[in-house]
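Below are some notes on one helix contact and one set of paired strands. Please read them against the model.

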Amino acid sequence: VDRAQEFDDGFQLLSEAITEIFRKNAKSLSYEVLYRTTYNLTLRQFGERLYHGVKEVVAEYLESTAEEAIVPAFVNTSGESTGSGADAGANFLKTVKRVWDDYITAMDMIQKFLRYLDDKLPKYNLPHIFDMGLALFRDQVIRSEKYAIQSQLISAMLTQIQLERHGEVIDRTAVNSAVTMLSELIDTTTRESVYVVDFETKYLETSTAFYQVESQTLASSYDAPEFMRKVERRLDEEYERTTRCLSLTTEPKIRLIVETQLIANNLKTVMEMKHSGLDSMLSADKYGDLSRMYKLFSRVPAGLNEMRTAIKNHIMQLGAEINKTINADLKSTSGGGAQTAIRWVEQVLALQEKFDRILEFAASKDKSFQTAFNEAFEHFINENPKSAEFISLFIDENLKKGLKGKSEDEVDSVLDKTITLFRFLCDKDVFERYYKQHLAKRLLFNRSVSDDAERGMLGKLKRECGYQFTNKLEGMFNDMKLSSEMSGQFKEFSDQAVTNKFPMDLSVTVLTSTFWPMNLSSSPKCSLAPEALQACKAFEQFYFGRHSGRRLTWQPQMGTADIRANFKKSKHMLNVSTYAMLVLLLFNDVNGNESLTFEDMQAKTEIPENDLKRTLQSLACAKYKILTKETKGREILLNDQFFFNEDFTANLARIKIQTVANRVESEGERRQTQDKVDEERKHQIEAAIVRIMKDRKTMEHNLLIAEVTKQLGARFMPNPVMIKKRIEALIDREYLERSTEDR
Amino acid sequence: MPPKRKNTSTEATAKRSRTTRKTQAKATQKTNAVQDFSKTCEAWFNRYKDQEEQEEIITPMGCQAFFNDMDVSLDSVYPIIIGWKLNASRMGYFTKDEWMTGMKELGIHESAKGNHFQTFLYRIDSPEKMKNMVSQWSQSIKDDVIFKKLYLFTFGFAKTTGQKSMDVDVAMALWPLMLDSSAYPLIPSFIEFLRTEKPVKVINKDQWSSLLDFCRSVPDDLSNYDSSSSCNYWFIMDRPVLFDEFVEWRIKHGDDSMVA
C-alpha cells in the first residue's frame, strides 16, 4: 500500500512538472526536487512504471498540440490563389517548426531531470527518454494516423520547392528547418531518417516529373546554345538549393535526375537542332558553346560517346565533300590539275587545324576525341584513291617554288604538316612511288629550290618509316652528287681527247637503275641529232674506260639543252628539253619560208607521238612562240605545219621553255601506277611469307596471314585474298607445302 | 673370330651335308621357279607390247587389250588401280621394266601376306591371277587412308608427262570416275562450275590433292563456309583459292546448279 502510494505521489509530481515544462513554465520548478524524486522512484524499482507513465504524459501532450496548434495551420488546398497558398504553406512549415523547437527544448529538460532513470533504461531494454520523445513525435505528430499532418508537411515542402523552381522567392529557412526536423527522426524499419523515407522519395518523384516537362519545354523553346545555358542554370540551381536547403545526401540523387532528364534524354535533340546544333557550332567555331556541350555531356554516361561520334561523322562528311569537289574539279579542268591537288592538301590541312583548335578549346584535348578525329581523317583520306599522289604533288610544289624565301623554321613547319597527312595514308608504298617520280624530275631538271629542304624532307620520311623507305631516295641524291663530280673529270677527258671532238658541252647524269623510277624497257629510242650522238659516244668511251661490266641506256626524255637561237631582231639562249632541241635543230636544214609537218618531224626524230605533241605545244602554243603553228589552238594534228618564228622577240636574253609541268595522273596512268604497286606488293608479300616460314617452320594458315599483315602493315594494308594467292603460288613453286595431317 | 673347331662327330657332318643339300635343292628350285616366272611374265608382256616401237613398251592400244582380257572396264577406276599397284609412271603405258618389276613385287608383296612357305610359288603372270588381285584391291580402297594414297598417286600418273600440272579436261573426266557422286556429292557441282566459269586451264598438284580433303570436310550445303570477303578476315579457309571461288559460285547460283 505504501508502495503504490509512494509511486503515485512521486509520479504525480513528475507528471505535473512535465506538463508545466510543456507549458513553458519551467522556471517555477526545482530541478533538484525532480531529480531526487526520479532517483527515489528508480531506486525503489519503479523505473519501468515511471518510464511508461512519462511516455503517456508526453503522448497526451503531443496529441493535444497536434490538434490545437498544427491542424489549424493546415493549408487549404482547394483552389486558392498561389500567393496565399505559398504563404500558407510557409506558415504551416513555420508552425510545425515552432512546435518542434519547443518540444525539443522541453524534452531536453525532461530527460535532464529524469537522468537517473535514463541511465538505467537500457537495463530494462527501453530506449532513452529523449529517443522515446523523438519516436513519439514521429508517430503522434509527423505520422499521425488521426490527422493528415504528414501529407500537409510533405506537400508544403514540395510546393515551396516547386515555386522556387518556377522563379518565385520562397522562405528557405522554413523548408530547411522542416528538413532538419525530419532528418533527426529515424524510421525504424529502414533505419533511414524520416527525411529520406517520407520526404526524399516523393521529392525525387515529383522532381522527375517536373524535369520531364521542363526538358520538353526547353527543347522546344530554345536553340541549342540557349538550351544548354538553361540546363546549366538548372543544374547550378538545384545544386545550390539542395546543399543549402535540403540534405547533402540528396544532392547526387537530384543531380542524376536533372542530368538524365535534361541532358541524357536530349543528347541527339540538342546536337541535331537545325541551324544551331552541333554542325553549325562546328562550322562557326563556336568554342564556348562546344565547350559547354562537352562539359554537360560528360556528366552522363553516353554523352561523350555520342558527341564524339557526331563530330567524327561531321569530319568525315566534310572530308567526303572535299574529295567530291576536288575530283569534280579534276574532271573539268583540262590542263593543270597540280593546282587542284595542292588545293586538296591545303583544304585538308585547314580542316585539320580547325579541329585541332576545337579539340583544344572545346574538348580540353580529350584523348578519345583525338583518336576519333584521327579515325575520321584516316577514313576520308584513304577513301580518296589519289591522296598519296596529291600529297606528293604538294610537297613537290613546295620544294620547287613554294618554300622560296621562307625561313628555316617556316620550311620545317610546312613539311611537318605534310608528314601529319602522310601518317594517315594506308598505302604508303603508293606514296613512295609518286614521290620518287616527282623527286626524279626535280633532281634532273634542277628544280629544287633548296637542297637543305630536300634533305630535310627526306630525314622526316626516314624518321617516320625507317631506312628501307628512303634508301632508294638517298641513292638518287647520291647519283646526282657522283655525276656532278664525274662531270669535271669528263671535261678533262674530252679536252684531252684527240679524236671524237664534239662541238658542244655535254653534262651527263648517270642514274643507277634500281634507284630511279624509270622503266628501262619503255625508254623511247629516238634519233639523236648527229652532234648529240657524237657527244654521247664520247661519254660512253670515257665511262666504259672507268667502269667495266656496266650498261648505259640513254634517257632522252629526261634531258635538257641550251641552244643559241638567232632570230631576225635578236639572239637568245633557249633552255629547252632534249626533245625540243631535236625538233629545233631540224629547222637548221629548212629554208626560211619552208615548214615542217608533224609527220615529218615524227619521222625524222622518232620521238613518240604524245611526247612530240607536248614538245610542240611548248614551242608553239605557249608563252614564247619559237615556232609558229598554222592552225589555231593547242590541238596538234598530224598534218599541222610548223614554221620557224623569225620575228620572235622577248625581253630576256635567256629563256626557259618548260615542257612538262607535273600534272595529276589521268585515270589510265593511275591504273598503270597501281599495277606497278601491286606487282611490287606481290613480291613483298612473298618475301614476308618466306621469311616468316623459315623462322617458324610450321604455322597455321590464319596465323600466317595475320603475321604477314602485321609485318607489312607499316607500308600498306595487304589484302588477305592476295596473301592467300601468294601462299598458293609458293606452294606451286614448292617453297611451302600444306601439312598432311588430317584436319 | 673364334678358332675353328675340329669336326668331332661324323653324324653332325652328315646332318650338315644333308641340310646343305636340301637348301641347295630348294635354291635350285627357287631359281628355276624364278626363271619360269620371268619367262611367263615376259610372254604375257609381249602379248600387248607395241610392235612398232623400238623400246619395249605397252601403248594405249595394248593396254586396252590387257584390260579387256581381264574383263576390266576402261571406264572404271580399275585401270588406275592397276597402274598404281604396278607403280607405272604414265597412264595408258607400261614399260617393260615397270611391268616385270611391278608384277614381281606384287607377287612377293601379295603372297607375303599368306603362308611364307608359299613365298615363291605365288606369281602373277596371267590375267586370271591378276583378276583375283583386282577384286581384292577394289575392297581395300574402301579404306579412306588407302584410297587417299591412290588418289594422290593418280595426279602424277594421269597428267601429261613433262608438264607440271594436269589439263582441266583430264581432271574433269577423272574425278567422277574416282569420286563417286553418292559419297562425294559436291563433285558434279564442282565440275559444272569448272565447265561454265572456266576459272583455270590446268589443275595443279595442290588443287588436286586438296580436293579430297575439301569434299570430306565441307558438308554439301556448304553450311560451314566462311566468306572471307564478307566477314572477319581472319577466318579464311586454308584451301586453294579455286575452292573459295567454287563456293561463291555455288552460293550465287543456288541449288539449281546441281547436276544430277
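**Notes on chain A**

1. Helix 8 of chain A contributes R172(A), V175(A), N176(A) and V179(A) to the contact, and helix 10 of chain A contributes E240(A), R241(A), R244(A) and C245(A); contact means heavy atoms within 4.5 Å. By class, three of these residues are nonpolar, one is polar and four are charged.

2. The model is predicted: local features need pLDDT of at least 70 and side-chain atom pairs pLDDT 80 or more, while totals for chains, interfaces and linings use all residues. Residues are numbered from 1 along each chain, chains are lettered from A, and side-chain values use heavy atoms, without hydrogens and water.

3. Strand 1 (residues 560–566) of chain A pairs with strand 2 of chain A in the antiparallel sense over seven bridges; pairing requires at least two DSSP bridges. A561(A) lies opposite V576(A) of strand 2, and a hairpin of four residues joins the two strands.

4. Strand 2 (residues 571–577) of chain A has five of its seven residues buried, that is, under 20% relative accessible area with a 1.4 Å probe, protein chains only. Strand 2 also runs parallel to strand 6 (residues 654–656) of chain A, joined by three bridges; there M573(A) has R654(A) as its bridge partner.

Note on methods
Ala, Val, Leu, Ile, Met, Phe, Trp, Tyr, Cys and Pro count as nonpolar, Asp, Glu, Lys and Arg as charged, and the others, Gly among them, as polar. Buried means under 20% relative accessible area, exposed over 50%, partly exposed in between (1.4 Å probe, protein chains only).
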